[in-house]
Amino acid sequence: MLDYDQGPEVAALRADLRRLIADNVPRDYLGAFTEDPADLEVAQSFCRLLAERGLLCMAWPEEFGGRGASPWEQTAVREEMWAHHEPRGAQYMGVNWVGPAIMRHGTPEQRQAHLPPIARGEVIRCQGFSEPDAGSDLASLQTAARRDGDGWRITGQKIWTSYATMAQWCFLLARTSRGEKKQQGITVFLVPMDDPAIEVRPIPCMLGPHHLNEVFLDDLWVTEADVLGEVDRGWSVVQEVLAFERVGIARYARVERLLQWAPAALGDAWDGLPDELRGRWARMLTHARRARLLAYRVVATQATGQVRPGDTAAYRIAVTRLDQESADVLMDITAHLPDAGDEARRFRKAVEDHHRYSVSATVASGSIEMQRILLARALLAA
Amino acid sequence: MNTDLAPEAVEYGLTARRAIEAAGGDELAQAAERESDRRVGDKVLDDLGAWDLDPRGSADELEAAAALCRAAGWWALPHPVAERLARPRDLDADALVVVAAPGPAGAVDGVDLRWVAVDLDGRRSRATPRPADDPVRTSGFVAALDIAPVDDAGAGDLALGLVLPCWTLLGMLDRAMGLTSAYVQQRHQFGQPLSSFQGVQFQLTDAEVERVGLEELARYALWSLEAGRPDAIEDALALRLAAIEAADVVFRITHQLHGAIGFCDETTLSWLSRASQPLRRLPLGLSATRAALTARLGRQGLAGLFGP
């Protein structure tokens, strides 16, 4: 029978997370990636706090310091973090997929070196995937790793690399050979970002600082010990990595929080809104629920060990559109905000941030066109 | 947490779909229009035990009722299945219809039933269909209603009366998508199937996102009823809003992808599309549903992660 009650454990976890956020994250916080270094420090200390309480890597297996949290507990964490402007900063990547990839493919030495710092909330990682000529077509990447004695020399360029200016490590894809198919001959390397052979150039953009960077690799020396998994077979690791991120960011959670916040932020001005705008607000609340339920559809399937790529794609299409459409409605609402008052000011800034960031929703982490291709494939194969 | 109907309800829905097919399938809607009579296919519903279901009695039966409505929608079955399943148990009545201002009306023609109407404020009335002026082909069995007030105790009827027809509409969208997916793979132009064109694929995905989104909201609103949640009416209105939007998108796209054949009587899509109209515009069309939902939400918003 249908049951959308997530149970007392999830409710308690959610309450716990909200309490921690209220007590430790400033009310003005809009994410770690601002010009103000204090925001990054908020994220770093919040991660340490989560780690101390066993909440940072709770989805990890117990043998690696986690507690094997249920898919619904993991969902609650994703929702609460994103709704409150991701107070884990960039570390969600290490927790969500870099750590699990190292668990599955790493050597004992790699596990020992990399997993404890992630679990303690001490390290930021970036993802060296996209290149100027390899975006959606990632397997066309050209960054080359050339054999040199008992190691490799890597030369090439990555682009759109989030957090590269603050990361200590990069999960890097490079081409080690050329096979019949372009997916062959790709290898994953775990490389330290403080190597002088790596140069990071920030790309100024409307999303804000630190979001986008170019990374230049000029004869970067790495050894066999830096290879994750098998040489030339990194594509399967990538596929797995992307599978860990099947549900991805819980964008609907922030949308819902902002929409629900709007009447309080406007105060008496809410009653003066045009009926048409309030109608659009109600519609967006319905769409936010729809996206949340589509995410739950994916999580429920995942919980049974199955994968339905069409469901994932449908969710991603719905949620990224929701991000953008809600941003337009919320920006429209902010035009009616009172001039003064902390609540109105905070709401305006949060909505403005949401609007700027939403522009990337249908491009980042797999463009909406790729999701449509995947959904069409599933539909036509059915 | 469980986002699926009970397996028994799912099985019942599949059984119903097969039984309706065996009883005539698509021919039933055509016969009803030809004969201005919605009783075609009555027997199959009796055989399925449809009227023994008590959707207000248990969650199991409510889910089975929803699955039956969806199966009826798949075939555009002319019989008012959802309306009969939603009939009030405390009044001597055969079927329930939700009505709204200005003129109460519903798809109540072509079948001789004792109707009870409930409005958005929970006011219940005896409802008597007026003779319809238009032929069934254009009226879709819609008729105006004469109303005789009974009581104000229909809040519980209202949510059920809104939710079950959305399951019927969902069944219609399931079918429209299935027909269209098959059609674009069969139909060749420029030497290749239509489905090989990305312009076609992307339209199909836009429609599918609407359909699966509606499916999830329909499940949620059903659970809201099952659980006796206080905001079941808001959940039902949110569902209805999404259902009308989804139907608009799905039928626009499925018609487009069928090309001219899609509006010919020889294709099922044409019948489905017309049969969906009363469900989409009554008791409230898109704008009026949105206005009703907005009014009910007030400043509280919709229940959820951050709602009331």
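This is a predicted model: local features need pLDDT of at least 70, side-chain atom pairs count only at pLDDT 80 or more; totals for chains, interfaces and linings use all residues.
Residues are numbered from 1 along each chain as its sequence is written, and chains are lettered from A and ligands numbered from 1 in the order in which they are written.

**Figure 1. Chain A as a whole.**
Let's start with chain A, which has eleven helices and eight strands. Helices (H or I, at least four residues) and strands (E, at least two) are DSSP runs, numbered from the N terminus. The C-alpha trace of chain A spans about 75 × 50 × 40 Å along its principal axes. Its radius of gyration is 21 Å, which agrees with the value near 21 Å for a compact globule of 382 residues. That radius is taken over C-alpha atoms, and the globule rule is 2.2 Å times the number of residues to the power 0.38. Of the 382 residues in chain A, 47% are buried. A residue is buried if 20 or more other C-beta atoms lie within 10 Å of its own, exposed if 12 or fewer, and partly exposed in between, with C-beta atoms placed from the backbone.

**Figure 2. The domains of chain A.**
Chain A is divided into domain 1 (7-123), domain 2 (126-234) and domain 3 (246-381); such bounds come from an automatic or database domain assignment. Taken over C-alpha atoms, the centres of domain 1 and domain 3 of chain A are separated by 22 Å. Ten residues of domain 1 of chain A are in contact with 13 residues of domain 3 of chain A. Two residues are in contact if their C-beta atoms, placed from the backbone, lie within 7 Å.

**Figure 3. Where chain A meets chain B.**
Here 39 residues of chain A are in contact with 41 residues of chain B. On the side of chain A that touches chain B, H8(A) gives the most, with 14 residues. By class, the residues on this side of chain A are 22 nonpolar, five polar and twelve charged. In this scheme Ala, Val, Leu, Ile, Met, Phe, Trp, Tyr, Cys and Pro count as nonpolar, Asp, Glu, Lys and Arg as charged, and the others, Gly among them, as polar.

A:Thr75 lies in helix H3 of chain A and counts as buried, with 25 C-beta neighbours inside 10 Å. The C-alpha atoms of A:Thr75 and A:Ile21 are separated by 17 Å, and these residues are 54 residues apart along the chain. A:Arg377 sits in helix H11 of chain A and is partly exposed, with 15 other C-beta atoms within 10 Å. From C-alpha to C-alpha, A:Arg377 and A:Pro309 are 9.2 Å apart in space, though 68 residues apart in sequence.

The domain assignment of chain B gives domain 1 (7-85), domain 2 (95-153) and domain 3 (157-297). Between the centres of domain 1 and domain 2 of chain B, taken over C-alpha atoms, there are 21 Å. Their contact takes ten residues from domain 1 of chain B and nine residues from domain 2 of chain B.

**Figure 4. Helix H8 of chain B.**
Helix H8 (residues 198-226) of chain B has 29 residues and reaches 42 Å from its first C-alpha to its last, close to the 42 Å expected at 1.5 Å a residue. The expected span is 1.5 Å times one less than the number of residues. Of the 29 residues of H8(B), 24 are buried, so the helix is mostly covered. After H8(B) comes B:Gly228, whose phi is positive, near 65 degrees.

**Figure 5. The largest nonpolar core.**
This core has 212 residues, and those with the most contacts inside it are A:Phe189, B:Leu68 and B:Val163. A nonpolar core is a set of buried Ala, Val, Leu, Ile, Met, Phe, Trp, Tyr and Cys residues joined through C-beta atoms within 7 Å. Leaving aside its neighbours within four places in sequence, B:Val163 is in contact with B:Ala221, B:Leu222, B:Leu225, B:Ala236 and B:Leu239. In soluble globular proteins, nonpolar side chains tend to be buried together.
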